[in-house]
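Thanks for coming. I have one structure to go through, so let me put it on the screen.

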Amino acid sequence: MLLLRNLVFYPLFYLGSFLITAASLVAAPFSLAAFRRRVRDWGRWQRWCLRHIIGADVVIEGNYADQPVLYAIKHESFFEAIDAPNLLECPSVFAKQELFAIPGWGRAALAYGLIPVARDKGAKMLMGMIRSAKKMVADGRPLVIFPEGTRVPHGERRPLQAGFAGLYKMLGLPVVPVAVSSGEVYHRWLKKPGTITYRFGETIPPGLPREEVEAKVLDAINALNA
């Protein structure tokens with residue numbers, strides 16, 4: 001039964017993803033609002049497929065921020081990356097630069113306002129990222145980062161990437177850490193029934209020493225590991 005559900009999930013989800021991406025590119029030159037709705041639709045489509053085909057639900061614990069913040073989200077699977085525009089109101093996400101080379105998707109990602117991250121480009125690239133991020137904040141958009149830098153299997157605890165502390169310092173924004181348990185359900189190949197939980201942690205103020213903010217974020221994003 002589980003295999004059958006996955007055999008239905010994959011073609012249906014990817015067909016829908018292709019159609020939604022195409023629709024977003026068509027809408028982009030004519031209406032920014034319509035374009036952003038299509039991007040959000042991708043996350044909604046993913047949740048629909050998980051709920052109705054796989055049998056997986058999404059639960060949200062804690063509160064969203066009522067001010068401009070940097071959301072630091074645990075990264076266990078592709079689920080939370082696709083879901084971010086559905087979880088939050090038009091977020092600007094820091095994403096690996098390689099992803100922007102994907103035909104169609106890369107163009108849509110840039111138009112939506114995702115921020116490319118190239119870890120090996122040095123200070124010049126970092127300053128460009130900061131400028132882009134501050135522009136997004138000025139437009140009233142929340143920022144999202146996956147501070148571990150890559151997917152981490154559920155239950156594992158890994159150090160944060162060094163670039164997180166630099167962004168935190170230079171942006172001067174509060175941080176809201178978010179734990180997520182998607183790895184138990186949204187495996188790379190075999191999706192399983194269950195519950196994906198988001199847990200929003202307490203807001204961390206700006207200006208803390210690097211060791212302190214990293215420790216607070218690391219503890220909070222791993223709160224669902226047990």
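**A helix pair and a pocket**

Helix α1, residues 2-27, packs against helix α2, residues 32-54, at an angle of about 170°, and their axes are 9 Å apart. Angles over 145 degrees count as roughly antiparallel, and α1 and α2 are therefore roughly antiparallel to each other. On the α1 side, the contact includes F9, L12, F13, G16 and I20. From α2, the residues making the contact include F35, W42, W45, W48 and I53. By class, the contact of α1 with α2 has 16 nonpolar, five polar and three charged residues. Keep in mind that this is a predicted model.

Next, the annotation. An unreviewed UniProt entry lists residues 12-35 as "transmembrane region". In the model, that stretch is 83% helix and 0% strand, with its end C-alpha atoms 22 Å apart.

Last, a pocket. What lines the second largest pocket? Its lining consists of E76, S77, F78, R151, P153, H154, G183, Y186, H187 and R188. Sorted by class, that lining has three nonpolar, four polar and three charged residues. The space in this pocket comes to about 180 Å³.

Conventions:
Residues are numbered from 1 along each chain as its sequence is written. This is a predicted model: local features need pLDDT of at least 70, side-chain atom pairs count only at pLDDT 80 or more; totals for chains, interfaces and linings use all residues. Side-chain values use heavy atoms; hydrogens and water are left out. On a 1 Å grid over the protein atoms alone, a cavity is a set of points where a 1.4 Å probe fits but cannot get out, and a pocket is an open set with protein on both sides within 12 Å along at least five of seven lines; lining residues have an atom within 4 Å of a point. Grid points are joined across faces, edges and corners, and a volume is the space filled by probe spheres set on the points. Ala, Val, Leu, Ile, Met, Phe, Trp, Tyr, Cys and Pro count as nonpolar, Asp, Glu, Lys and Arg as charged, and the others, Gly among them, as polar. UniProt positions are given in the numbering used here, feature names are shortened, and annotations may be inferred rather than shown by experiment. Helices (H or I, at least four residues) and strands (E, at least two) are DSSP runs, numbered from the N terminus. Axes are lines fitted to C-alpha atoms, for helices over the stretch in contact, and angles run from 0 to 180 degrees between N-to-C directions. Angles under 35 degrees count as roughly parallel, over 145 as roughly antiparallel, 65 to 115 as roughly perpendicular and the rest as oblique. Contact means heavy atoms within 4.5 Å.
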